[in-house]
Amino acid sequence: MLINSNKFMKLENYKKVRLVIVFILAMVISQLILLQNYIIPIMVMIVTTLILFYLKEQVTEVIADERDYAIGGQSALMAIQVFSWLAAILMFVLYAKKNVNPAYEQLAFLLSYSICFLMIIYSLIFRFYNKIKGLKKSVYLGLFLLITFIIVGVSFIIL
Amino acid sequence: MTNNIREFRTKLGITQDELAKLAKVRRETIVFLEQGKYNPSLNLAHGVAKVLKTTIDALFNFED
């Protein structure tokens, strides 16, 4: 009754491989940043993300089901709300204390912009799922690669 | 909403783990389903009913 497929990886093995990859990734990125190299870490992150994406697809067992996704959605929304409220309160406190240290003002602006950025990202993703969800996985992968290339391109221009 | 998943499952002699694999969910989801702590999607309800060789109506009591 179980569906036959050419998937080859057990969940336990996937977890082990993921742990090793994250461990190596952390080491490589920290070393390269210490050497003031910022392009290779971005490339390494993209490559490892793609490798992990591929390996995840090859796992024979169920990694996450609809209940996990529902809980994940609720948790993400709650996390955004908690962060936004805390950051907004902290922003006002820092802005009020700008006479104590001028750097507080910059920090307050940084927090306010990060809240705005988070809200924009949330709105865009919400709109995406509300309107476009139901596309094939290849389209999602294409969008991911497109966004990644844009980020890499912008990084190259900035650096 | 209550359900008779445990009764149908034991009648067929399959474990929670086996049901989870056949319904393509994690075992924890089956545990929560049987305890009535999780309301499944129509898709999952159909999948579980199919595995347990019954119907959604027989499996779930919507009147509670």
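**A guided look at chains A and B**

Visitor: How many residues of chain A are in contact with chain B, and how many of them are charged?

Guide: Happy to start there, bearing in mind that this is a predicted model. Six residues of chain A are in contact with ten residues of chain B. On the chain A side, three residues are nonpolar and none is polar. The number of charged residues there is three.

Visitor: Are helices α1 and α2 of chain A roughly parallel or roughly antiparallel?

Guide: Helix α1 covers residues 11-34 of chain A and helix α2 covers residues 39-57, with their axes 10 Å apart. The angle between them is about 175°. Angles over 145 degrees count as roughly antiparallel, so α1(A) and α2(A) are roughly antiparallel.

Visitor: Which class supplies 14 residues of the contact of α1(A) with α2(A)?

Guide: From α1(A) come residues including A:I21, A:L25 and A:V28. They meet residues of α2(A), among them A:V44, A:I51 and A:L52. The contact also has one polar and two charged residues, while the class with 14 is nonpolar.

Visitor: Is A:Q36, with its positive phi, buried or exposed?

Guide: A:Q36 is not a glycine, yet its phi is about 60°. Its place is in the loop between α1 and α2 of chain A. Because 12 or fewer C-beta neighbours within 10 Å is the cut-off and A:Q36 has 6, this residue is exposed.

Visitor: Where does B:K24 lie, and how many C-beta neighbours does it have inside 10 Å?

Guide: B:K24 also is not a glycine and has a positive phi of about 60°. B:K24 lies in the loop between α2 (16-23) and α3 (27-34) of chain B. B:K24 counts as partly exposed, and its number of C-beta neighbours inside 10 Å is 17.

Conventions:
Residues are numbered from 1 along each chain as its sequence is written. Chains are lettered from A and ligands numbered from 1 in the order in which they are written. This is a predicted model: local features need pLDDT of at least 70, side-chain atom pairs count only at pLDDT 80 or more; totals for chains, interfaces and linings use all residues. Axes are lines fitted to C-alpha atoms, for helices over the stretch in contact, and angles run from 0 to 180 degrees between N-to-C directions. Helices (H or I, at least four residues) and strands (E, at least two) are DSSP runs, numbered from the N terminus. Angles under 35 degrees count as roughly parallel, over 145 as roughly antiparallel, 65 to 115 as roughly perpendicular and the rest as oblique. Two residues are in contact if their C-beta atoms, placed from the backbone, lie within 7 Å. Ala, Val, Leu, Ile, Met, Phe, Trp, Tyr, Cys and Pro count as nonpolar, Asp, Glu, Lys and Arg as charged, and the others, Gly among them, as polar. A residue is buried if 20 or more other C-beta atoms lie within 10 Å of its own, exposed if 12 or fewer, and partly exposed in between; C-beta atoms are placed from the backbone.
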